[in-house]
Amino acid sequence: MPPRDLAAHVQQLARLEVGAFQVREPLARHCSWRIGGPADVLVEPESAAQVARLVRFARRHAIPLLTIGQGTNLLFDDTGVRGIVLKLGARMAHLEIDGRRIRAEAGVWVPHLARQAAKAGLGGLEHIIGIPGTLGGLVLMNGGSQRRGIGENVRRVWAIDPEGNERILGPEDCAFSYRHSALQEMGAIVVRAELECEAGDPGEIRRAMVRDLRERRRKFPRKEPNCGSVFLSTAEMHASVGPPGKIIEEAGLKGTRIGGAEVSPRHANFIVNRGGASAADVLALIAHIRRVVFARIGFDLRCEVRYVDPQGRLMPADQAPSADFHS
Ligand SMILES: Cc1cc2nc3c(=O)[nH]c(=O)nc-3n(C[C@H](O)[C@H](O)[C@H](O)COP(=O)(O)OP(=O)(O)OC[C@H]3O[C@@H](n4cnc5c(N)ncnc54)[C@H](O)[C@@H]3O)c2cc1C
């Protein structure tokens, strides 16, 4: 936003009471890669009503609006976002358990949700214990591990649509598939979800979670900022060429570095920030990996990680103009 518009909109936002907000807030503080320039405004609402008000405000003034959780699957541009970033995190994180159902707000921290389920003897969420994002991001991405997705447990989603209306959606509306949901095309903002679990033994559930965390600690980089798996790993891909980590490792790319971005020597499907990495470094490294792998085995790697351009638009990072390996 031009500075004069920004100042006027900030005054209006303060009057609208849409939650706490910061102006020119560095997005590197709001993502696990620790990369990204400033958002014009970053707002943290505390209720679905505030989210709806903010959506209507942005729409009325034609201001780009991007929703984020903990930014654990996002690469923000080095110039940041010219618009409003709506963060649903700790300020919207209420959770309640009713029998085998869990109702939780979008900002609930996924490992906390998994632990609460274990404590209540609710099974089926063991695979999400090590995922460091929010429930909203997990539902939108149909995230999960061990070839599972949270969509298996979702019974209802409360969302704000692009017009600022609240909608209640069932699993059939969400059309969950591998690391995808129809919520992405709808432009829906998840504010709350209801999950159904299986009755189980708390001790057994906890032991399964400990095993998962131990395995992650053994395999994944621990210290350097990262965004989890960079490239998608589908069942078809496993069957034809194998998982991305193995393909990238076999191409001899472990430890390859561009600027501050490095293919993790621990797990080749992770790119770590060795200090001062820029989005440009990460995108150049993604393009390099794709180019080398394509030349070697003729397979076009696609990204799970999403790039956010300066207009707040999201796309798989391989679709960012500078990640195009043909150029
Ligand atoms: C170390 C590490 C390990 C990981 N392991 C896994 C794993 O095993 N499995 C897996 O699936 N992922 C994994 N991830 C990726 C990531 O944690 C998940 O995709 C997570 O669900 C993203 O949640 P988030 O809150 O950080 O979302 P963000 O990264 O902030 O956003 C991701 C997407 O969700 C959207 N979004 C976020 N919140 C909402 C909302 N409330 N409503 C609508 N849209 C929203 C954003 O617009 C964006 O499109 C890992 C990441 C890291 C860093």
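**Exercise 1.** How do the residues of the shell around the ligand divide into nonpolar, polar and charged?

*Solution.* Start with the source: this is a predicted model. Now take the classes in turn. The shell holds 14 nonpolar residues, 16 polar ones and 4 charged ones.

**Exercise 2.** Find which residues come nearest to the ligand, and name the elements that supply its shell.

*Solution.* Step one: the shell has 34 residues, and T67, T72, T134, G144 and R306 come nearest to the ligand. Step two: look at the elements. Strand 3 (65–68), helix 4 (135–141) and strand 11 (189–196) each give the shell at least two residues. Step three: pick the main supplier. Helix 4 gives the most, with 5 residues.

**Exercise 3.** Trace polar atoms of T67, T72 and G137 to the ligand, then state how much of the ligand the protein covers.

*Solution.* Begin with T67. A polar atom of its backbone is 2.6 Å from a ligand oxygen. Go on to T72. Here a polar side-chain atom lies 2.6 Å from an oxygen atom of the ligand. Finish with G137. A polar backbone atom of G137 is 3.4 Å from a ligand nitrogen. Now the cover: on its own, the ligand has 960 Å² of accessible area, and the protein covers 93% of that.

**Exercise 4.** Work out how helix 3 is oriented against helix 7, and describe their contact.

*Solution.* First, locate the helices. Helix 3 spans residues 110–119, and helix 7 spans residues 202–219. Their axes come within 8 Å and cross at roughly 150°. Second, apply the cut-off: angles over 145 degrees count as roughly antiparallel. Therefore helix 3 is roughly antiparallel to helix 7. Third, list the partners. From helix 3 come A114, A118 and K119; from helix 7 they meet P202, I205, R206 and M209. Last, sort this contact by class: 5 residues are nonpolar, none is polar and 2 are charged.

Notes:
Residues are numbered from 1 along each chain as its sequence is written. This is a predicted model: local features need pLDDT of at least 70, side-chain atom pairs count only at pLDDT 80 or more; totals for chains, interfaces and linings use all residues. Side-chain values use heavy atoms; hydrogens and water are left out. Axes are lines fitted to C-alpha atoms, for helices over the stretch in contact, and angles run from 0 to 180 degrees between N-to-C directions. Helices (H or I, at least four residues) and strands (E, at least two) are DSSP runs, numbered from the N terminus. Angles under 35 degrees count as roughly parallel, over 145 as roughly antiparallel, 65 to 115 as roughly perpendicular and the rest as oblique. Contact means heavy atoms within 4.5 Å. Ala, Val, Leu, Ile, Met, Phe, Trp, Tyr, Cys and Pro count as nonpolar, Asp, Glu, Lys and Arg as charged, and the others, Gly among them, as polar. A residue is near a molecule or strand if one of its heavy atoms lies within 4 Å of it. A polar contact is a pair of N or O atoms within 3.5 Å; within protein, one must be able to donate a hydrogen and the other to accept it, and residues adjacent in sequence count only if both atoms are side-chain atoms. Accessible areas come from the Shrake-Rupley method with a 1.4 Å probe; for residues, only the protein chains shown count as cover.
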